[in-house]
Amino acid sequence: MKTRVELGENSYDIIIERGAIKNFSSLTGIKGKVLVVTDDGVPQEYSQKIASQFENAFIYTVPQGEGSKSLDCFGKILSFMLQNNFTRKDSVVACGGGVVGDLSGFVSACYMRGINFYNFPTTVLSQVDSSVGGKTAVNLDGIKNPIGAFHQPKMVVIDPDVLSTLPPRQISNGLAEAVKMSLTSDAELFKVFEEKNILENIDDILFRSVEIKRKVVEQDEKEAGLRMVLNFGHTLGHGIESEEELNGLYHGECIAMGMLPMCSEPVHARLIPVLQKLNLKTSTSFDVDTAMNAVMHDKKSGAGAINTIVVEEVGTCEIKKMTAEELKQKLMIIREG
């Protein structure tokens, strides 16, 4: 399966193909030096398989986890590229999940004022969402993604076969984002989650999720308006996620809970069993004031209120402004204890 993000000179193909990792070089046509950025939680065979297809390739491995999305790690990768004489004609390849994609994409955006970037996402979360759209960033002072750039990849190559090494919890973590997209944009996709065997339909879920993301990005590349629909569940989810070291939750798990208070009662009633089917939590313990601090620092905040996405009916959504007090009351819905 193949689709194309049409953004003028920044257009690029997204290829979804089982076994694509074996043909990465021929699919991308990359020339020059290649830096494959990965993390120590990704099977080494993936980065090695990609690097082996190029004459002049380097592998840079960062520690697994959100902590690697830092200015320190960002600087070390840039220094490595400088020491190895990378030029503007060379390329960076992300081989990993969302952390690796965000970090290496930002490196690509900044090195020599921008070099070619290719994404080979290895988690469900990155395959259905973060690998597409060109949003790159690092974290700062406990706040997610305040420093970054829009830098579109030259190509995204998705190989569903690499998901076989993921534990079930990581599969569910990523599928939370696909559920998010179905709620805002595709009622039939939501029925897949409700009625069908999810793993047996994973290829279709991946493609339909990517198609939703593609259409939104084409209409709103830099999040001036419509692209905000992709933030459904994220306003509150990021607040919960700010305590991730305490609660041990993954991004998708936080987003899943963040969606619940932003749904109408009928949608909420349908969403609960879907999240349970995916073994995703519907409530957790966290400090409301700490979470609210992260919410108010979120990039979606505006003067006196925060733009949020709400779903009144499956397959559609709308933007609503909410005050801090309103959002605090929403957080209480998913707080345990």
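Visitor: Where does Arg-113 lie?

Guide: Arg-113 lies in the loop between helix 4 and strand 6. Helices (H or I, at least four residues) and strands (E, at least two) are DSSP runs, numbered from the N terminus. This is a predicted model, where local features need pLDDT of at least 70 and side-chain atom pairs count only at pLDDT 80 or more, while totals for chains, interfaces and linings use all residues. Residues are numbered from 1 along each chain as its sequence is written, and side-chain values use heavy atoms, with hydrogens and water left out.

Visitor: Why is Arg-113 called exposed?

Guide: Look at the cut-offs: buried means under 20% relative accessible area, exposed over 50%, and partly exposed is in between (1.4 Å probe, protein chains only). Arg-113 has a relative accessible area of 77%, so it counts as exposed. Arg-113 also has a positive phi of about 65° although it is not a glycine.

Visitor: What makes Asp-141 exposed?

Guide: Its relative accessible area is 72%, so Asp-141 is on the exposed side of the cut-off. You'll find Asp-141 in the loop between strand 7 (135-140) and strand 8 (143-150). It isn't a glycine, yet its phi is positive, about 55°.

Visitor: And why is Ser-70 called buried?

Guide: Ser-70 has 19% relative accessibility, so it counts as buried. Its place is in the loop between strand 4 (57-62) and helix 3 (71-83).

Visitor: Which residues does Ser-70 touch?

Guide: Contact means heavy atoms within 4.5 Å. Not counting residues up to four places away in sequence, Ser-70 touches Leu-103, Val-138 and Asn-139. Tyr-12, by contrast, is 58 residues from Ser-70 in sequence and 27 Å from it in space, C-alpha to C-alpha.

Visitor: What makes Thr-123 buried?

Guide: The relative accessible area of Thr-123 is 13%, so it is buried. Thr-123 sits in the loop between strand 6 (116-121) and helix 5 (124-130). Leaving aside neighbours within four places in sequence, it is in contact with Gly-96, Gly-97, Gly-98, Leu-163 and Leu-166.

Visitor: Is His-151 buried or exposed, and how do you know?

Guide: Buried, because His-151 has a relative accessible area of 16%. It is found in the loop between strand 8 and strand 9 (155-158). Once neighbours within four places in sequence are set aside, its contacts include Gly-105, Ser-108 and Ala-109. Those three are among the buried residues of helix 4.

Visitor: What makes you say helix 4 is mostly covered?

Guide: Of its 13 residues, 11 are buried. Leu-103, the one that Ser-70 touches, is among them.

Visitor: Why is helix 6 called largely enclosed?

Guide: Because 15 of its 18 residues are buried, helix 6 is largely enclosed by the rest of the structure.

Visitor: What about helix 11: why is that one called largely enclosed?

Guide: Nine of the nine residues of helix 11 (residues 251-259) are buried, so it is largely enclosed by the rest of the structure. Its cover includes helix 5, strand 8, helix 6, helix 9 (234-241) and helix 12 (265-277).

Visitor: Stepping back, how many helices and strands does the protein have?

Guide: There are 14 helices and 12 strands. The radius of gyration is 19 Å, close to the 20 Å that the globule rule gives for 337 residues, so the protein is as compact as a globular protein of that length. That radius is taken over C-alpha atoms, and the rule is 2.2 Å times the number of residues to the power 0.38.

Visitor: How much of the protein counts as buried?

Guide: Of the 337 residues, 57% count as buried. Along its principal axes, the C-alpha trace spans about 55 × 40 × 35 Å.
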